[in-house]
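Please find below a short note on the model under review.

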Amino acid sequence: MRQRRTIPRLIGSLLLFATAGVGCGEAAADGADSKAPGRAAAEPEVRPLGRIVPVPASVTPEGEPFALTAATRIGVDETSVESQAIGRYLAGLLRPATGFPLPVVDDSAAGRGIRLRLDPDETGLGDEGYRLSSGPAGVTLTAREPAGLFRGVQTLRQQLPSAVERKSVQPGPWKIAGGTVVDTPRYAYRGAMLDVARHFFTVDEVKRYIDQLALYKVNTLHLHLSDDQGWRIAIDSWPRLTTYGGSTEVGGGPGGFYTKAQYREIVEYAASRYQEVVPEIDMPGHTNAALASYADLTCDGVAPPLYTGTKVGFSSLCVPKPVTYDFVDDVVREIAALTPGRYLHIGGDEAHSTSHADYVAFMDKVQPVVAKYGKTVVGWHQLTGATPVKGALVQYWGLDRTPVAEKERVAAAAQNGTGLILSPADRTYLDMKYTKDTPLGLAWAGYVEVRRSYDWNPATYLPGAPESAVKGVEAPLWTETLASTGDLDVMAFPRLPGVAELGWSTAASHDWETYKVRLAEQAPRFDALGIPYYRSPEVPWPAE
């Protein structure tokens, strides 16, 4: 572990994208104004029902709004631990800016307030759906499962003025438009990946990202815990993985790692936001940190030096050695024991230093180990070069220009029952530069502006893959060039909300022209939350 780094940043990063329109100042405003056809209207006192991100499935505006006041109470079922926790979460969100006490009480004592109700008979709402009914007499959120209540709270939150996100008392008023929202997600898997291997991020920094994901109804946090540049999770049976392998990062910084208690803290915090953590240990490639820590894992018995660069494809576990599988068994066993979620990601990408025969042999041996410890395999789509086990998910990160044969191989696996998570790099990789002038990020997949990131259909993206095979989408955030939360923010926002909408909202609602207006209206919320973001000229942002 280590204290927070103080790495000097590039001047472009320190300026927080001023030249591209991020943050404040004349350059930002002028750069956006010169290209945007119009501006989003100033934030209204009452936000039209459903004009949020992700857009809800069904919206029926009706009647007068509900007004949050000093007398408002939050009613929950006091016999439900989950309802009480969500009620406290909601109160904690609303109290700082409103200044209202907002006591969490039994539903019968809520009066003309906010009610959170669990109803097992609401089978049509599924595991994450909700119904929000608003009017002068109060707001009622109904769901079949606690996760649905939590997703509904994010809708309620976004219906309030953006100033509700601030940590000091604001003037209000605090109104929620009248009517009914009925909402369920399009896909069950709506993920975001954070690479903590190339640059390490502390527990609190990961929690901050979890909270940002929650606002947009993301339900999966994929943590990339190991790579050539660092190993970030304590493994008792192989302690040098962290004490040595975790001691640096890209650029030669101090690195860091999570103790088991810290990892559990992240998992529990994510669970409180109804997010499932998917840990990834990338193998057989991307393993230099492990090889540097234990020479026995190499074929020649010589440990390579620690690596702080950004090249890929040069490392590999030694596939023929029995000790390799002792290592894999121990790592999978210990991480599985810490992780209550269903999945364990075994990587499998860019194994350029592993022969095809060795790659197939390795995956044939490793996938059963994951099942042995009660988890479902997830791998990058190169796993289809071997044979994915039954029930496995593969994460497709190819490009529009990826060779047809590679796409066909993935589609064939999907036709045979392998599930797909779609993360096309030239659409969803949040570390790709927006334009050639973007000071952070990489461009190997091309430039990914906001519209390109949003304007595609997961169901039809991969030719030949059955729609039923698509389990959802994920937005990876790789950190070769990102070393601070400000760096993460400016690359994730505003693209992350668009990928989240692709995962949540119906295909019929997908429309760039209406989305860009709703996205623009998120700008005051970003500001209130302290999120620096890229003011894309494609979006009609409010004037600063």
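The points below concern a predicted model and take up a sheet, a helix packed on that sheet, and a loop residue.

1. Sheet order. Seven strands form an open sheet, arranged as E1-E9-E6-E7-E5-E3-E4, and the pairing is mixed. The edge positions belong to strand E1 (58-61) and strand E4 (104-106); each has a single partner strand, so one side of each is left without a neighbour in the sheet. From one strand to the next, the twist averages 15°.

2. The E5-E7 pair. Strand E5 (residues 114-118) and strand E7 (residues 138-143) run parallel and are joined by 5 bridges. Within this pairing, Leu 118 is placed opposite Ala 143 of E7.

3. Helix H4. Residues 146-159 make up helix H4, which lies across E5, E7 and strand E6 (130-135). Relative to E7, helix H4 runs at about 145°.

4. Position and burial of Glu 449. This residue is found in the loop that connects helix H12 (425-428) with helix H13 (450-454). Is Glu 449 buried or exposed? Its relative accessibility is 12%, and because buried means under 20%, Glu 449 counts as buried.

5. Surroundings of Glu 449. The side chains of Glu 449 and Tyr 534 make a polar contact at 2.5 Å. With neighbours within four places in sequence set aside, Glu 449 is in contact with Tyr 434 and Thr 435, and also with Tyr 534, Ser 536, Pro 537 and Glu 538.

Terms used: Residues are numbered from 1 along each chain as its sequence is written. This is a predicted model: local features need pLDDT of at least 70, side-chain atom pairs count only at pLDDT 80 or more; totals for chains, interfaces and linings use all residues. Side-chain values use heavy atoms; hydrogens and water are left out. Helices (H or I, at least four residues) and strands (E, at least two) are DSSP runs, numbered from the N terminus. Buried means under 20% relative accessible area, exposed over 50%, partly exposed in between (1.4 Å probe, protein chains only). A polar contact is a pair of N or O atoms within 3.5 Å; within protein, one must be able to donate a hydrogen and the other to accept it, and residues adjacent in sequence count only if both atoms are side-chain atoms. Contact means heavy atoms within 4.5 Å. Two strands pair if DSSP finds at least two bridges between them. Axes are lines fitted to C-alpha atoms, for helices over the stretch in contact, and angles run from 0 to 180 degrees between N-to-C directions.
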